[in-house]
Amino acid sequence: LTREEPNYFGAGPALLPTEVLQTAAYDLLNFNSVGLGIGEISHRSGPATEVINSTKQHFKDLLDIPDTHEVFFMQGGGTSGFSSIATNLAAAYLKKTGKPGKAGYVITGTWSKKSYEEAVRLGVDSVVVCDAKKLNGSFGDIPSVEKWSIPDLKDTSYVYFCDNETVNGIEFPDFPFEKFPDVEIVADMSSNILSKKLDISKYGLIMAGAQKNVGLAGISIYIIKKSLLEQPSDAEIKAAGIPLPPIAFHYPTVVANNSAYNTIPIFTLHIVDLVLQSLLKKGGITFQQELNEKKAKLLYETLDAYPTIFNLPVAKAVRSKMNVVFTLKDTSLDSEFLKQGEANKLTGLKGHRSVGGMRASLYNAVSLKSVELLVAYIKTFAESHK
Ligand code: PLP
């Protein structure tokens, strides 16, 4: 079972290492020679429990996750994460303080905005700490912390941000909350988890949908500070006017059942584990981070070299290493750029429908060779349209 190596820059679902899919294809038929496919066995059977435990352990190894934090998996993706975060963390804060708190949202692009809107929609008391679009006129930069409206941290249940805004191509260059050591920080890392080294101890919760850097759609990864798994009873949560977390997304229940309270998509999780194993073999996060930096530098430098042809809407300091967003100055050339790209077997370059233009996603599985081919194409295209 094989394929020609794709040069695919789609934003998600995204490319996975071919060798992972080859192993997964075999395991779908006959896993560990048990005569059944991995997706056919019970999610509470021995082999399934091994997959869950192995995936957890590999996350711990790769990200150096301390004992203060727990790893778990749930059905769903980033959007179900938005809802589960708002409800579970509101309940955890009630347990800790005896009173409901306020959630603070840092809005730097499409996904953090959606997450804030979902918290409000569910009736979780939430405030905007920073709205980059309001402050800057567009989602092209991250306003400095001095410009944020910091809520009273005494009453703040958590502060939420999206570390990499996939649509807008904006990534936080550093952990932005050094000044707030007393508040729980929640990060959506759906599009950049495992792309760089992290100090997990700084986070209350990290949530990531799997389908960009770590696997297929259908499963999401959570790394949570264990103290945030304490929640009051349902009656106490209701009495405080906080919406109850749905049971399949109730973190304490999911963790108490080792991520198998309900039917976890075990094939999908197995693919995550294969991705992690492949990354560990290649040299782990240090290897991946260096490679990602190299790929992003190469592409941004090439685009920057043709300022009359390309426009890069994101401020240099916050340019994403995962999603390189650019537009053609002459938008009438958009379809030619995409068509010629496809003729060169470079696919998935169309920008998100809400912002237009182009987007080259350089997730972990995108090789340096693919980026070199893209850069060569961009140079040829730009030279012929000067
Ligand atoms: N958060 C980020 C950063 C994303 O990029 C996406 C999807 O692209 C989501 C959340 C939403 O994920 P899902 O489509 O899995 O709900």
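Colleague: Hi! What kind of model is this, and how are residues numbered?
Modeller: Hello! It is a predicted model, where local features need pLDDT of at least 70 and side-chain atom pairs count only at pLDDT 80 or more, while totals for chains, interfaces and linings use all residues. Residues are numbered from 1 along each chain as its sequence is written.

Colleague: How many helices and strands are there in the protein chain?
Modeller: The protein chain has eleven helices and 14 strands. Those are DSSP runs numbered from the N terminus, with helices being H or I of at least four residues and strands E of at least two.

Colleague: And how compact is the chain?
Modeller: As compact as a globular protein of that length, because its radius of gyration is 21 Å, close to the 21 Å that the globule rule gives for 386 residues. The radius is taken over C-alpha atoms, and the rule is 2.2 Å times the number of residues to the power 0.38. Along the principal axes, the C-alpha atoms fill a box of roughly 70 × 60 × 30 Å.

Colleague: What share of the residues is buried?
Modeller: Buried residues make up 45% of the 386. A residue is buried if 20 or more other C-beta atoms lie within 10 Å of its own, exposed if 12 or fewer, and partly exposed in between, with C-beta atoms placed from the backbone.

Colleague: Which domains does the chain have?
Modeller: Domain 1 covers 25-280 and domain 2 covers 284-384. The bounds come from an automatic or database domain assignment. Their C-alpha centres lie 28 Å apart.

Colleague: How many residues of each are in contact across the two?
Modeller: 24 residues of domain 1 are in contact with 23 residues of domain 2. Contact here is for two residues whose C-beta atoms, placed from the backbone, lie within 7 Å.

Colleague: Which elements supply the side of domain 1 that touches domain 2?
Modeller: α2 (46-63), β7 (170-171) and α8 (266-282) each supply at least two residues of that side. By class, the side has nine nonpolar, ten polar and five charged residues. Ala, Val, Leu, Ile, Met, Phe, Trp, Tyr, Cys and Pro count as nonpolar, Asp, Glu, Lys and Arg as charged, and the others, Gly among them, as polar.

Colleague: Tell me about α8. Is it mostly covered or mostly open?
Modeller: Mostly covered: twelve of the 17 residues of α8 are buried. Among them are F267, H270 and D273. The buried residues pack against α1 (18-29), α2, β2 (69-75), β10 (219-225) and α9 (284-304). After α8 comes G283, with a positive phi near 125°.

Colleague: What span should α8 have?
Modeller: At 1.5 Å a residue, its 17 residues should span 24 Å, and this agrees with the 24 Å between its end C-alpha atoms. The expected span is 1.5 Å times one less than the number of residues.

Colleague: Which residues touch the most other members of the largest nonpolar core?
Modeller: L89, A90, A103, Y160, L205, V275 and L362, out of 108 residues in that core. The core draws at least three residues from each of domain 1 and domain 2. A nonpolar core is a set of buried Ala, Val, Leu, Ile, Met, Phe, Trp, Tyr and Cys residues joined through C-beta atoms within 7 Å.

Colleague: What is L362 in contact with?
Modeller: Leaving aside neighbours within four places in sequence, L362 is in contact with N292, K295, A296, L299, K321, M322, V324 and V371.

Colleague: New topic: M74 and T97. Which is buried and which is exposed?
Modeller: M74 is buried, with 22 other C-beta atoms within 10 Å, whereas T97 is exposed, with 12. M74 is in strand β2, and T97 is in helix α3 (residues 78-97). Not counting residues up to four places away in sequence, M74 touches S220, Y222, F249 and V254.

Colleague: Where is D64, and what about its phi?
Modeller: D64 is in the loop between α2 and β2. Its phi is positive, about 55°, although it is not a glycine. D64 counts as partly exposed because it has 13 C-beta neighbours inside 10 Å.

Colleague: And S259, buried or exposed?
Modeller: S259 is buried, with 24 other C-beta atoms within 10 Å. It lies in the loop between α7 (251-256) and α8, and its phi is positive, about 65°, although it is not a glycine.

Colleague: Last one: which peptide bond is cis, with omega near -5°?
Modeller: The one from G12 to P13. P13 is found in the loop between β1 (7-8) and α1.
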